[in-house]
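Here are some notes to go with the model we talked about. Have it open while you read, and we can go through the points one by one.

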Amino acid sequence: MLIYLRALGESFRFAVNALRNNKLRTFLSLMGVTVGIFSIIGVLAAVDSLEKDIKGSLSSLDQESMIIAHISFGPTEVPRWKRERFPLVTYEDYQNLQRNLPGLGAINYTMSIPSQKISYEGKVVESVQVDNATEGLFEIEKLEFEDGRFFNEQESTNGVPVAIIGSVLRDNLFGEGVDPIGKQIKTLSRKFTIIGVLKKQGINAFGDSKDEKIVIPVNIIRRIYGDNNRSTFPTMTIVPAEGEDADEFYAVAEQKMRVGRSIKAGETSDFFINRLSGFTDAIDGIIGVLTTVGWLIGGFALLVGGFGIANIMFVSVKERTNLIGIQKALGAKRRFILFQFLFESVLLSIFGGFIGLVMVQLIVWLLDVSKIAGDFEFVLSFDNIFLGLFTTFIIGVIAGIIPAIGASRLDPVEAIRTGM
């Protein structure tokens, strides 16, 4: 056993000396592997970070959530001309499901309107997104408050002019450390009393942030924009109660919507129930495609790097033919010669991969320090680091095995004669 370990140690030292004595050649050889690993791990780190950010943004929503709208969020067999004639989701639809849908955990009705300016005692904040909702939004999005509360069912139904604001909007309007609860702000030509401040959340993967928003009851928006304004894109979100079967809940919700709209059997539904679980499945598919693309891009660079290492190893065997002959004449075994060149190939490959990983980590650090990507967090995981180093190890073995076998099979007499 000690003899084998000693042989491996000698092979390792020979490999290190060979790489050290040919610095320029070593540098040029490992560049291909460096670029390949940088491409693969860089893309994988970006994709993993994007997936983490997107799913983190969706984590506040129940994965069984369903969004009812007059359009489909995915592919559909309904012709476009027919979809364009579908009626909007109405507040009456909301009331119908709220009263009659069994197994309902939470429900929310909302409309989309342009950004507005918010003012308070001469201080004006432009282009603020005005979210509007019913009381069910609190349960659906699992909102957390820094101060105050969400509006209740009575305030929602009556369209009481109350508002919940994000922490950044609070600071922009009132200044840091000021308690805004009970104060009145103006928007949409109306005054609203602030009853709650949301906890700071940052920007999610979709570029959205509740920190700079205001939330008001949807019935105020209905009074202003009306119930048949297609520009408001009304939608309804429903969530089954805990323990309810999602597929059965979906079927019952569709049936209750059809009954509420007097749609006869055999007729096409004039609405779509879009499932959030289907959306997350689509995200997983996109992430999978991006990962595959990353491997393809880096794979080509690794292929070039592997060929480069193999070529250098053949040159190295040619240059050291005389030395190989002398080693074998002095009693060196085939495996000693094989490991000597195989170690050289693997070290070359791993060193190139290590440089690639350092480059990725450096870029991640620079992005984090410079805040170029905002609140988006790039993460270089241990799994990706291990994957990168393991990949370089395999590339080194594959690139060096044929030259190493060739070197180990050289006849000592012919090798010495060739070297002379």
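Where does S262 lie? It sits in the loop between helix 9 (246-260) and strand 12. Keep in mind that this is a predicted model.

1. **S262 and its backbone.** S262 isn't a glycine, yet it has a positive phi of about 55°. As for cover, S262 counts as exposed because its relative accessibility is 61%.

2. **E121, another one to look at.** You'll find E121 in the loop between strand 3 (116-120) and strand 4 (123-128). With a relative accessible area of 71%, E121 is exposed.

3. **The overall picture.** The protein is built from 14 helices and twelve strands. Of its 420 residues, 42% are buried. If you take the contacts with a separation of 6 or more, 79% of them come from residues 24 or more positions apart.

4. Side chains of opposite charge can pair when their charged atoms come close. A search of the whole structure turns up eleven salt bridges. One of them joins E141 and K210, with the closest N and O atoms 2.9 Å apart. This pair links distant parts of the chain, 69 residues apart: E141 is in the loop between helix 5 (137-140) and strand 6 (145-148), while K210 is in the loop between strand 9 (190-198) and strand 10 (214-217). K210 counts as buried, since its relative accessibility is 18%.

5. **R149 and E155.** These two also form a salt bridge, and their closest N and O atoms are 2.9 Å apart. How is each partner covered? R149 counts as partly exposed at 37% relative accessibility, whereas E155 counts as buried at 12%.

6. D270 forms a salt bridge with R261, the closest N and O atoms being 3.0 Å apart. D270 is buried, with a relative accessible area of 17%, and R261 counts as buried at 16% relative accessibility. Through salt bridges that share partners, D93, R261 and D270 are joined into one network.

7. **N274.** N274 belongs to strand 12 (residues 272-275). Is N274 buried or exposed? N274 counts as buried because its relative accessibility is 9%. The N274 side chain reaches the backbone oxygen of I71 at 3.4 Å. Setting aside neighbours within four places in sequence, N274 is in contact with S65, M66, I67, A69, I71, S72, F73 and G74.

8. **G305 in helix 10.** G305 has its place in helix 10 (residues 276-319). At 2% relative accessibility, G305 counts as buried. G305 and I37 are 268 residues apart in sequence, but their C-alpha atoms are 9.9 Å apart in space.

9. Which residues of helix 11 (residues 321-329) are buried? They are T321, I324, G325, Q327 and K328. These residues are on the same side of helix 11, because they cover an arc of only 165° around the axis. Just after helix 11, G331 has a positive phi of about 110°.

10. **A nonpolar patch on the surface.** F382, F386, F390, F393, I394 and I398 make up this patch, and together they have about 650 Å² of accessible area. One of them, F390, lies in helix 13 (residues 382-408). F390 is partly exposed, given its relative accessible area of 44%.

Technical notes
Residues numbered from 1 in each chain as written. Predicted model: local features only at pLDDT ≥ 70, side-chain atom pairs only at ≥ 80, totals over all residues. Heavy atoms only, no water. Buried < 20%, exposed > 50% of the residue type's maximum accessible area, 1.4 Å probe, protein only. Helix = DSSP H or I, 4+ residues; strand = E, 2+ residues; numbered from the N terminus. Arc of directions from axis to C-beta. Polar contact = N/O pair within 3.5 Å; in protein donor to acceptor, adjacent residues only side chain to side chain. Contact = heavy atoms within 4.5 Å. Patch = residues over 30% accessible without salt bridge, like charges linked within 9 Å, V, L, I, M, F, W, Y side chains within 5 Å. Areas by Shrake-Rupley, 256 points an atom, 1.4 Å probe, with all protein chains shown as cover. Salt bridge = Lys/Arg side-chain N within 4 Å of Asp/Glu carboxyl O.
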